[in-house]
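Here are my notes for you, point by point. Have the model open while you read.

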Amino acid sequence: MAEITPEEHYITDEPYYEAGGSEIEIFEAAWRNRLPLLLKGPTGCGKTRFMEYMAWRLQRPLITVSCHDDLTASDLVGRYLVKGGETVWVDGPLARAVRAGAICYLDEIVEARKDTMVVIHPLADDRRVLPMEKLGTLLQAGPEFCLAVSYNPGYQSVIKDLKQSTRQRFVALEFDYPGAELEARIVATEAGVDVAVAQTLVKFAHMTRNLKGNGLEEGASTRLLVHAGKLIASGVPAVTACASAIAQALTDDPEMLTAINELSASLF
Amino acid sequence: MLTPDDITARLDEYLETEFSFIRSDELALLLLVLAPAEQAFVLDWTRRIASTNTEIAHQFARRAPQALAVQEPRVIEAWALHAMDVYDRAGLRPALEVIHDVEQFVQRSHERSAGALFDEVSGVLLHFVHGLAGRPLKLALDDSAWTDSETLFLPALLARLPTVEENFRLYKTLVVMQWAQIHYGTLRAAVGTDFSVWPDPVRALHLFTTLETVRLEACISRELPGLGRELQQIRLRLGAATLPQSWQAVLPQLQSVTACAADSLTLLPKIYDTESPPLPGYQCELNLAAVTACMQARIKREKMLFRVRLAQWLEEQRQMPAVREGAAPRAAAQPVPDTQQPEGQHFELTLNDVPLSPPETLTRLITSIVLDLGEIPDEYLVPAGPGEYDPALFTEQTPDPDAMWQGTYHEIGATYYNEWDHGRQHYRKNWCVMREKDVAPVYDDFIATSLARYSGLVAHLRRSFEAMRDEERMLKRQAWGDGVDIDALVEALADARDGSEMSDRLFTRLHRVERDIAVAFMVDMSGSTRGWVNDAERESLLLLCEALEALGDRYAIYGFSGITRKRCELYRIKRFDEQYGSEVRARISGIRPQDYTRMGFAIRHLTHLLNETEARTRLLITLSDGKPDDYSDYRGVYGIEDTRRALIEARRSGIHPFCITIDEHGAEYLPHMYGPVNYAVVSEVRQLPFRVADIYRRLTT
Ligand SMILES: Nc1ncnc2c1ncn2[C@@H]1O[C@H](COP(=O)(O)OP(=O)(O)O)[C@@H](O)[C@H]1O
Ligand SMILES: [Mg+2]
């Protein structure tokens, strides 16, 4: 397996972010009070973009780790490697974030292995320390460090639910798909299509969201709308763009695919 | 080349002529003029049909030679199969009608080949109409297309247009028009109007519907332009004529953005006495009595549901700090402008004037209530007091399958499965009526006694199954990892001393091998398991559960039994998503022998359940005491072949079937059904509890 290389950077240009509520103010207040944050919401509704925006706004570097089921505590904290006959310690992304006073964003936290909680819990309560077991030390987080995790409560798996003991350490921000007008503005801006096309795409998204629980696990996210919009902006016919960028991403079921394509054909 | 005697002899055999008045020698003469291949064809189908019914086979043999002269063999095949399907569904007389009239069958089959069938399109259409929003609607069959405001009724076959594709579009159009009647307020306006004040109320209602069709077309073209174009095309394909002058005059008002159902009512007097317009071919007439009944029942139900859910929601909100401080929570429904809605607004719930997003059940109710009433009336916003409604009315309940059987034969809540008819070499459609039931839990001392008796074995199984859990395999010589690989390190140090380059692959790392298995156990609950077989089965299941709990594989246990195809029963002992606990144990204890061993439906249903479960490996393990067997029709080859077919279907969908049996003769028929290695015979019933878990372990490692 390859070395984990989280994206780490200072964000110099203001990311485009449309606030849906008071999430910016709450995030700032939590950060000033050194409280960790939990971003709840379905995939593709703007959580990552929000983190980029906040990193820019607070002038902190952002380190993002996408969690997966092989991610261990060592992957986050760091490990010894041997280089040219010498053992060298290499910090994991979480340790680097603590040292740099960065914002560390652990995306889809429930996907990670259970043992990662051992290092996350002490960082998330008022001790704010990262235990570095291999080094036998505790790394104290400075006032600027910020831990944020995301979680999609839509998955109805018992195994993938967040434990109360974890959940209760975080200030929760609830994300959802933006309201119709706002979402159309986001799609128009991000994909470079005109507002009328964006509005139709949003209408289509609402149709697929009506199917949630009626044959679809999730409806189309804002991200998928942006994808379809980009295809349309490069000249792909709208119905084809919806079929490839949205319908195929949502389901493999042939009847459902036909139905979704009929729905997009109804709109354009 | 067959002689007349050969043919007669075969017909005698197939048609069992010795018990009938059939003159097989006369029939043989009819076949004699055919070419040898055609003779073989007719005889083969006569035999296959005879396995269903000899009289149909007889009539087939009588007509097939002539029919073959003018029809392709595949048409004849379809004709024969159709007759058998009709027989399955409706009995002998209608089936004979099919056989008697091959010409009509040919014409109908032309319709069928160009027509769209409800059965084939309803899956797509149901998703489609759910996507369109509003109240979740159902689809059902009827002779014409109409809606009662909850169910959209559609004909079984549409063949008005030349191709399947166009006929599908026509179906879609009918669905859209009915949806629009609900969505854009046609039904609400119609129910609130007294049409009996007109000299001819039927005509008045029909004209109102026609005006509405015009208005709805305009609404659809505005909101769903793609569909609007399709309506246009379908209208042309169906040969639309232009509207008379009197109607042309009212079009602008009906088609304006602000038009609503009230406009149609206002315009009704203007056109009532004028020439009737041609209809667009997809107009869905209104059945006011049915709509009124359906609506009234729903309004009553939803008012109750809304007030009950509102009370629950307010109770939850009371816990929230923002609400706790202020006065008692007071709910209101505020209209909010919304261009996406037909009425230009939607309703938002506020709590002490703060808008809040209520749970989905409430949002759905609001949508449905506003469709019926156009608003949320004030009296709805009074939360239901404790005891105001009988809780039985609002707790969702699945109807009791046992109750359904009392009285006449009903098929509510049942699932249908095809069954393979070996004689016919074809499926019988929707032949088995399957129901899931719960095994009634029995809290006796069976569990305690058995656990005590097998305490040694249980401990052993737990240990050995625990060891099979998601294995952590140690990977060596890794570039990074949590442990040091001593062997590699020693080598590397030696290399370094020699002056050669030192490897950096010096670590060990644990790699998890996930099992990711789902298994369904299908347990024979037929009458033949009475006595100690039943005891052994129950003990085996108990031990198995104890072992599987240590292992962590997803598992479900269902018992199967039934009498005849109309009573195929699967008894839930443990569902996939259910915890193993005292309830499941009590159900294991409560397993009692029931009726016969019809197996195909059980395999098919568990295949379906397994495929809905996420896992990399899916297993279906049958625990049985013998061959498939049911009252009369499932004996012998028929049952074995259907079971085999169901297993083939399971395997095709990626499931691994396996059978554990106590039938010593199992080796004679199990290889044919399960394949040469996919079964195990446990010849001693007493051994069953020891062997089942053991076999499972071997299967999955
Ligand atoms: N509020 C928003 N402001 C700007 N862009 C957004 C917003 N919400 C969603 N997007 C668009 O949707 C895309 C997917 O959002 P992302 O943040 O990656 O979702 P998530 O992290 O929740 O899965 C973004 O790349 C962006 O184009
Ligand atoms: Mg039996």
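1. Axes are lines fitted to C-alpha atoms, for helices over the stretch in contact, and angles run from 0 to 180 degrees between N-to-C directions. Helices (H or I, at least four residues) and strands (E, at least two) are DSSP runs, numbered from the N terminus.

2. Keep in mind that this is a predicted model, where local features need pLDDT of at least 70, side-chain atom pairs count only at pLDDT 80 or more, and totals for chains, interfaces and linings use all residues. Residues are numbered from 1 along each chain as its sequence is written, chains are lettered from A and ligands numbered from 1 in the order in which they are written, and side-chain values use heavy atoms, leaving out hydrogens and water.

3. Now look at helix H8 (residues 195–210) and helix H9 (residues 222–233) of chain A: they pack at about 140°, and their axes are 10 Å apart. H8(A) and H9(A) are therefore oblique to each other. Who makes the contact (heavy atoms within 4.5 Å)? H8(A) brings residues including A:Val197 and A:Leu201, and H9(A) brings A:Leu225 and A:Ile232, among them.

4. Over in chain B, three strands make an open sheet in the order S6-S7-S8, with antiparallel pairing. Two strands pair if DSSP finds at least two bridges between them; S6(B) and strand S7 (residues 345–351) of chain B are joined by seven. Find B:Ala331 and you'll see B:Leu351 of S7(B) opposite. Helix H15 (residues 288–318) of chain B packs on this sheet, touching S6 and S7 of chain B, and its direction makes about 45° with that of S7(B).

5. Two residues deserve a second look. Most residues other than glycine have a negative phi. A:Gln59, not a glycine, has a positive phi of about 60°, and B:Ser149, not a glycine either, has a positive phi of about 95°. A:Gln59 sits in the loop between helix H2 (47–58) and strand S3 (62–66) of chain A, while B:Ser149 is in the loop between strand S3 (146–147) and strand S4 (151–154) of chain B.

6. Are these two buried or exposed (buried is under 20% relative accessible area, exposed over 50%, partly exposed in between, with a 1.4 Å probe and protein chains only)? A:Gln59 is partly exposed at 47%, whereas B:Ser149, at 0%, counts as buried.

Technical notes. Parallel < 35°, antiparallel > 145°, perpendicular 65-115°, else oblique. Contact = heavy atoms within 4.5 Å.
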